[in-house]
Structures are given as structure tokens and as C-alpha cells.
Amino acid sequence: MSEALFKSFAIVGAGPHIGIPIVKAFLAIGTPILVIARPTSKNTSALPDNDPNLKVVRADYTSASEVSAILRENKVDVLISTVTFFFGGVVVQDVLADAAKEAGVKLFVPSEFGVSPPAAGLVHEKHAFAVYAKSIGLPTLRVYNGLFHDFVPWLTALAETGKFHIVSKGDMPGSFTAISDVAGYVAHILTTQPPSRLLDVEVRIEGQRATLSEISALYKGSVPVVHCDALPIEGVLAADVRTSYQQGFDVGRASCGWNPDTKTDDAELASKDNSLWEGHRWLTIGEVLGL
């Protein structure tokens, strides 16, 4: 007898970058999804008004009992988190994990959607959460997809300066995936793969493997390319995060194949789980950025 698939899904932190796209990906395949929004959130205005598969409720993310009651009432199998790691958002995941565990949620998908996080550094909270979830016996599915194609102008400070900045040489490859591909992938595997394939698993996907120098060439001279030691955007939100991320290219840390324990990059490992979405055509950076 075949293994029963997950049937009910909820998401918290449904913001514009990846949360809303994931919700829309579920709706696109006709799968019901519950959105748990903060009481003051306005992000839900971007969702369809009359889709029968969409339900929106509001809750205080810092109240495990409040979130747990909602999860239990809706018999949620899988809880997806897309809270941002800026402004301490990822810290809220401990509360969400407690709520999920108490409500009998079978799988928690934490807010990763990047590269494998280190135990220390700017995004160490993601690693710390994985340790916490394991300590309370809550199964997780961690999704690594590299940088979103859409974030290249942000990463290189092109959006602020009109110049494509490359920290260091820019000749080592990293992993990039389109937001729509990540969202579609999450919805696809959660609704088609047996739970035993997803419990306490790390999946690694890669829409395109490229160096920053290769990406800068896509602009065909329409913007200046500047090599620098640090991005010249002091005081701008996440300037240090962007500089640090770019520095990671030189050692392989910007790849989904990066292993923070051995400090090595395996190019084949970076896209090993693309195959779970059989027949899918992954978007290129040029297609997403219109280059």
C-alpha cells in the first residue's frame, strides 16, 4: 500500500519575496492553503480575493498557544515559515516550532531559502533553529536554493548606485534560482512526495550556476562594472550582509553545494534535488531580469 501524502498546509510570514509566491503556487495547483498573518500585516492584500482554496487568519506569532490552536483547529500537516531573518524574525520560529509540536504538525519547513547556513555569522539563527527543532522532536524540511535571481541588483548594489559591484574577483560560481521556481518547487514536492522522503531532509536546488562576472556580462555594457573590496553603501539596510555574501563566492560559500562543516563546495550536490520536479524547465537569470 502506498504511503499517504500530506493533505493540509499552512504558511506564516507570507511576505512579498517568497511567502506570497508560495501561497500562489499552492493555489495554482488547486491545493488549499491556510495563511496565518500577523494582526497588522498588509501583505495579504496581494492575495486573490475569492479563491475557495485560500483561507486567511490572523495571530500573534509570539503566542505559541494562539498559533497552536489555529493549527489544531485546521488539522495542519505541514507548516511553512517564510519569516525574514532581518529584525529578529527568525527568532520567532522557536515559538512557531513549539506551537507546531503541540498541535501535532507532521513537518515544519523553516525559513531557509538560501545556502546552507553556518553555525556562526550573520545568519547563524537559521542553524540554531534547526538544532532547536531537532531537540524538541519536530521534523523539518530545509530548502536551499542559493540567491533568488531577482535579488542580483540588490546583491551588487546596482539598484542603489546604477553600477554592478563585484566584491573581489567574481570568477567563482554560486547558485541562483528564480523565486517562482522555488515557490513552485515547494508546492510540488510537498504535495507529491511521500512524507518519508521529506522528514528531516535538506533539499538542494539550483536554477542556474554562474559567476558574478558572467552575470555582469548579461548587461552587455549597459551598466558600469566595478570591482571593490566592499560595497560602497554604508548605512544602507543589509550592506554588510551583501558584502559578506559576495565574499563567500571566493571560497564556494555561495553555492548550494557548500558544506559548512568541511568548508568545501560540491557542484553536483548543488542541484541534486532538482529531479524531484521532473520535467520542469528552470528559469535563467537573464529571463527573470529581462536581459
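The structure is a predicted model, in which local features need pLDDT of at least 70 and side-chain atom pairs count only at pLDDT 80 or more, whereas totals for chains, interfaces and linings use all residues. Residues are numbered from 1 along each chain as its sequence is written, and side-chain values use heavy atoms, with hydrogens and water left out.

A salt bridge was assigned where a side-chain nitrogen of Lys or Arg lies within 4 Å of a carboxyl oxygen of Asp or Glu. By this rule, 11 salt bridges were counted. One of them joins Arg 72 to Glu 102, with the closest N and O atoms 2.3 Å apart. Because Glu 102 belongs to helix α3 (residues 93-103) and Arg 72 to helix α2 (residues 64-73), the pair ties together parts that are 30 residues apart in sequence. Helices (H or I, at least four residues) and strands (E, at least two) are DSSP runs, numbered from the N terminus.

A salt bridge is also formed between Arg 242 and Glu 160, for which the closest N and O atoms are 2.9 Å apart. Arg 242 is located in helix α10 (residues 239-249) and Glu 160 in helix α6 (residues 158-161), so this pair connects parts that are 82 residues apart in sequence. Arg 242 is buried, at 1% relative accessibility, while Glu 160 is partly exposed, with a relative accessible area of 39%.

Between Glu 202 and Arg 142, the closest N and O atoms of the salt bridge are 3.4 Å apart. This pair links distant parts of the chain, 60 residues apart: Glu 202 lies in strand β10 (residues 201-204) and Arg 142 in strand β6 (residues 141-144). Glu 202 is partly exposed at 32% relative accessibility, whereas Arg 142 is buried, with a relative accessible area of 10%. Both residues belong to a network of salt bridges that links Glu 112, Arg 142, Glu 202 and Arg 204.

An open sheet is formed by 3 strands in the order β7-β9-β11, with mixed pairing. Strands β7 (147-148) and β11 (208-210) are the edge strands, each pairing on one side only; two strands are taken to pair if DSSP finds at least two bridges between them. Strands β7 and β9 (residues 174-177) run parallel and are joined by 2 bridges. The bridge partner of Leu 147 in β9 is Phe 176.

Conventions. Buried means under 20% relative accessible area, exposed over 50%, partly exposed in between (1.4 Å probe, protein chains only).
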